[in-house]
Amino acid sequence: MTTPYLHIDGIRKVYGEVVATDHVELTIGESEFLTFLGPSGSGKSTTLYILAGFQDPTAGDIRLRGQSILRIPSHKRQIGMVFQRYTLFPHLSVGENVAFPLRVRRMGRAEIEEKVRNALALVRLSGFEDRMPSAMSGGQQQRVALARALVYDPPVLLMDEPLSALDKKLREEIQLEIRRIHQETGVTILYVTHDQDEALRLSDRIAVFNRGRIEQVGTGAELYAGPATRFVADFIGDSAFLAGRLATVSGNRASLRFPDGTVATDVPVHGGGTVDQEAELMLRPERIELTREPGPEGTTLPVTVQDITFLGNNTTVVLRTGWQQELSARLSFGHPLVGGIGRGDNLHIRWQPDVAQAFATP
Amino acid sequence: MVTIATTQRRRRSGLGMAMPAILLLLAFFVVPVVMLLTRSVTDPEPGLHNYAALLGSPTYGRIFFNTFFVSGLVTLITALIAFPIAWALAIMPRLPAGILFAVILLSMWTNLLTRTYAWMVMLQQTGIINRMLQSIGLIDTPIQLTNNLIGVTIGMVYIMLPFMILPLYGVIRKIDPAILQAAALCGASRMQALVRVLLPLAAPGIASGGLMVFVMSLGYYVTPSLLGGTANMMLAEFIVQQVQSLLNWGMGGAAAFVLLVVTLALYALQLRLFEPRETR
Amino acid sequence: MLLDFGKLGSWKWILIAICTLTALFLLLPIVFIIALSFGSSRWLAFPPPGWTLRWYEELFADPRWIQSALTSAKIAIIVTILSVALGLLASFALVRGRFRGRAVLRAFFLTPMVLPVVILAVALYAGFLRLGINGTLTGFVIAHLIVALPFSIINISAALETFDPAIEDAAVLCGASPWEARYRVTLPAISHGLFSAAIFSFLISWDEVVLAIFMASPTLQTLPVRVWTTLRQDLTPVIAAVSTLFVVLTIVLMVATALIRKGTSK
Ligand SMILES: Nc1ncnc2c1ncn2[C@@H]1O[C@H](COP(=O)(O)OP(=O)(O)OP(=O)(O)O)[C@@H](O)[C@H]1O
Ligand SMILES: [Mg+2]
C-alpha cells in the first residue's frame, strides 16, 4: 500500500473535561480539496489547529508524505492557512503582507517581487500592493490572506471558515475564485465550513463532523445518496424522518411499521438490527411523490394536507401523517396537483424503493 | 407629551451643570497660572530677561539637561521593563495575571512619600541595595546611590512603571492572537514574529505610554528632590527653589512657562497621535 | 504564536522570570518598609537586630502626628464630597449636554491632570498669599479639589456613558419628574462610577504632597507635609511606621474597590 499524502491518524484532543475531537482518522490525496463540514463545536477547527501546530493533540499523529509533522513547530511546517477572522498584518501594506513569508525566509529582492506579483495576480488583486489592509473590503482582505498563504507554495492549505464574515453574494463569488485557484495551483486544501452548500460547491470530498468525530467521508453525491448515519442524512440536504419500529429485519434490510399500522417494506437500515427497535424512515422531499391514489403496498402512506406554499420554481406542501407527524413534499412547477389541492385534503405519498432509508435509533 | 418635551429641552443644553466646575477652574487654576506666567515677563522689571537668563546660561542649561536626560532615561527603562510585563499580563493564565496586577496596583497606589522614603533608606550607603551588590561581588565598597541622578532614576522608574504597563497592556490585549498565529505559519520564528509583528503592533502603546511617562517625569518634584539632592536639580525643583527660597518669582514663572509649554505640546501630540485611533 | 502562553516554549520562562523580578522590585520597598517599622534599629539596619513596637508608640504619643492625620482626613473628606458633586454635574454636562465645544470642555477639565502639579502649586501659592487664604483649610481644599476633579469626571462620565438615557426617559414616562428620575434611576445605575470617583478623590487628597507643602502653615499641616518635613531632616523609623499605616490604608481601599466591582459586575 502506498503512503497517503496526508494522514490524520486517530487524532484526539481533550481540553480539561471537554473532548474536542476523538478518533479523527482521515487520508487526503495530493491536490485534493477536502472539506470539514459540521455544526458549531464539532471539532473542525481543533483538527485544523492541530495540523497548523497551534494545538498539540492529546493522542494520535499527523503524517505528511509519511513523515510525522507533530514535532515540527508551526513556523517550520510550511503550511498555509486562511483564518476566519481577518489576520492581515495591519501595519503592513498588501504587498508587504504577501512578501512577509518570503522575507522571513530571507529570499532575494527580485524573487520576492516576482512571487508577490504572481500571487496577487492569482487572487486578481494586481496593483493593490501599496494599499493598507484597513482600506480594503473583507472579501479583498481574505483574498490577500489567500495570496499570503499561497506565496510560499505550501504542501497543504488550511482554510477555517474564511468566508463566514462575508455576505452571501460575495461569498459565492469568492467560492468560485477558490475553485479556480485550486485548479490552477493544484494545492491540497483542507477547508472548514458549517455551510453545506459551500461544502458541496467547493470540495472533492467532504468529511462530516459531529461531536468531535467524523461521521462519514465521501463525495457530496455519495453523502447525499447514501448517508451512513441519521446525522449525515439530516445535515446534508433536506430530509423528512418518519418514526416507527422495525417490523422485520433481514441482513441490512428491514421493514418498518408506523404507528398508524402502515408498513414500509424492504428498506436499507443503518445502525440496527433487532425487531421492534425504534427506527426512522428518511425521505428526501423532492423524491416524495404526492398522489390522490395510494401507491404499491410498502412504499406508500396516507397523509393530510396542512399547508401549501408557492415558492416560484416549486410548491412546498406540508403534510401530516395519521400519527400527527409533519413532513413536506415538493411539487415542481406545472405539477398536475398544484392548484388542485387544498388544506385538509386526504392524499397519499409514495416513494421509489431505492430512495428510502431507515436509521435505527440506538 | 409635556414631560418628553421638557426632557428634550433639558438635554439640549446642560452647560449650566458644568458651571460650578468651570468657575472653580477659572478662578483657581487658569487665573493663578496665567498670573504666574505673567510675572515671568514683568518681574522684577518688564522684558524677556528672565528667559534670556534661563535659556542662555550654562548653569541653567545643566538643569534642563538633568531634566530631559533623566526623563528620557526613565522612559527608556520603563519601556524596556513594561513591554514584557504587559505582554505577559495579556496572555498569562488568570491567577498569576491577577496577582501581578494586584502588585502593580498596590505599588501604584501606595503613598508617594512612602515609596520614596523606602528607596531613600534602601539606597543609603549602608542600605540593603549596596549590601546586596557587595554580597554578589559586583562592587567592593559601597557606592553613592542617593543624592545623585542614579537614585533619582531608580526611584522614578519605580514610580512610572505602572503608567507604562497599563496602557501598553491595553494595546497588547486588543491584538488578535490569530495574527501572531498567521505570522508563525508564514514561517516567522519567535524572534521574527516579535520584531516584525508584535512590536510594531504594540508600538502605539509604547509611544503613548512613553510620552505619558516622559511628560510626567519632566515636571516631577517629590522624588527628584528627595533622592537627587540640591546638587542635581531638575526643573520642578528649580521652580520651587526660585519661588520659595529666592523669592525670584520672575525666574520661577519663566521656568514654569517653559515646563508648561513642553508639557502641553507633548500632551497635544499625544492626543493627536493616539486619541482618534482609539475612538475609531 | 507569541500571544499564546502555552506555545511560547522557552520564552515562557523568560517572561515568567521578568515578571517575577519586576513583581519583587515593585514589592521590595513596601515589604522592606513594613519590616523596618517593626525593627528596633534607630538607624534602620536591615535585617533589624530585634523587633519592637516602639516607633508606633512614638508616633501615637506625638499629638502633632495625630493632629495632622486628622487634618488630612478632614480635608480629604471635604474634597471627596465636593469633587464627586462637581464631577457629577460636570459629567452630566459632558455626556448628556447638547452644546458646542464639549470636546474642548472635556480637555479643559482634564488639564489639571496633565499640568505638572508643581506649576499649579506655585501659582496657587502666589494667588492664595494675595487672597490671604494660604495656610487655611479653604486653601487646602481648593488646591486638592482642582487635582482631584479630573479623576472624578473621568470615572463618572465613563459610567454615565454606558447608561442609556432612554431608561431615564422611561422613568419620566412612568410619572417621575426629571429630577426624581435622575435621583432614583440614573444615580443608582452609575453608583460604581461615583464610588470610584470618591476613592480616587480621597486618595489623591490624602496623598497630595506638592500642593500641600505650599498650602501648609506651621499650625496647619497634613500628614504628607509632616512626613516631608521630617524626611528632610532624618530618616527616622517613625516614618516607617507612618508608611506602614499608609500601605494598610491602600490595601483596605483596594480590597474594598475590588469587592464593590465584583458586586456591581454580577
Ligand atoms: N482552547 C479551548 N479550550 C477549551 N475548549 C475548547 C478550546 N477550543 C475549543 N474548545 C472546545 O472544543 C470543542 C470543539 O471546538 P472547535 O472550535 O474545534 O469547533 P468547530 O467545529 O470549529 O466549531 P465552529 O464551527 O463554532 O468554529 C468545542 O466544544 C469547544 O468548546
Ligand atoms: Mg471553528
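**Exercise 1. Describe the annotated span of chain C.**

Step 1. Take the composition: over residues 69-257, chain C is 83% helix and 0% strand. Its end C-alpha atoms are 23 Å apart. Helices (H or I, at least four residues) and strands (E, at least two) are DSSP runs, numbered from the N terminus.

Step 2. Know the model. It is predicted: local features need pLDDT of at least 70, side-chain atom pairs count only at pLDDT 80 or more, and totals for chains, interfaces and linings use all residues. Residues are numbered from 1 along each chain as its sequence is written, chains are lettered from A and ligands numbered from 1 in the order written, and side-chain values use heavy atoms, without hydrogens and water.

**Exercise 2. Describe the annotated span of chain B.**

Step 1. The UniProt annotation "domain: ABC transmembrane type-1" (unreviewed entry) covers residues 64-270 of chain B.

Step 2. That span is 81% helix and 0% strand. Its end C-alpha atoms lie 22 Å apart.

**Exercise 3. How many residues of chain C are in contact with chain B, and what area is buried between them?**

Step 1. Count residues: 88 of chain C are in contact (heavy atoms within 4.5 Å) with 89 of chain B.

Step 2. Give the area. About 8400 Å² is buried between the two chains. Buried area is the accessible area (1.4 Å probe) that two parts lose on being put together, summed over both. Carbon and sulfur atoms give 81% of it.

Step 3. Name the top residues. In chain C, C:Leu2, C:Leu3 and C:Leu26 lose the most area to chain B, together 9% of what that side buries.

**Exercise 4. Which residues come nearest to ligand 1?**

Step 1. Of 13 residues around ligand 1 (a heavy atom within 4 Å), A:Ser40, A:Gly41, A:Lys44, A:Ser45 and A:Thr46 come nearest.

Step 2. Find polar contacts (pairs of N or O atoms within 3.5 Å). A polar side-chain atom of A:Ser40 lies 2.5 Å from an oxygen atom of ligand 1. For A:Gly41, a backbone N or O atom lies 2.7 Å from a ligand 1 oxygen atom.

Step 3. H1(A) gives the largest share, three residues.

Technical notes: Polar contact = N/O pair within 3.5 Å; in protein donor to acceptor, adjacent residues only side chain to side chain. UniProt positions renumbered as here; feature names shortened; annotations may be inferred.
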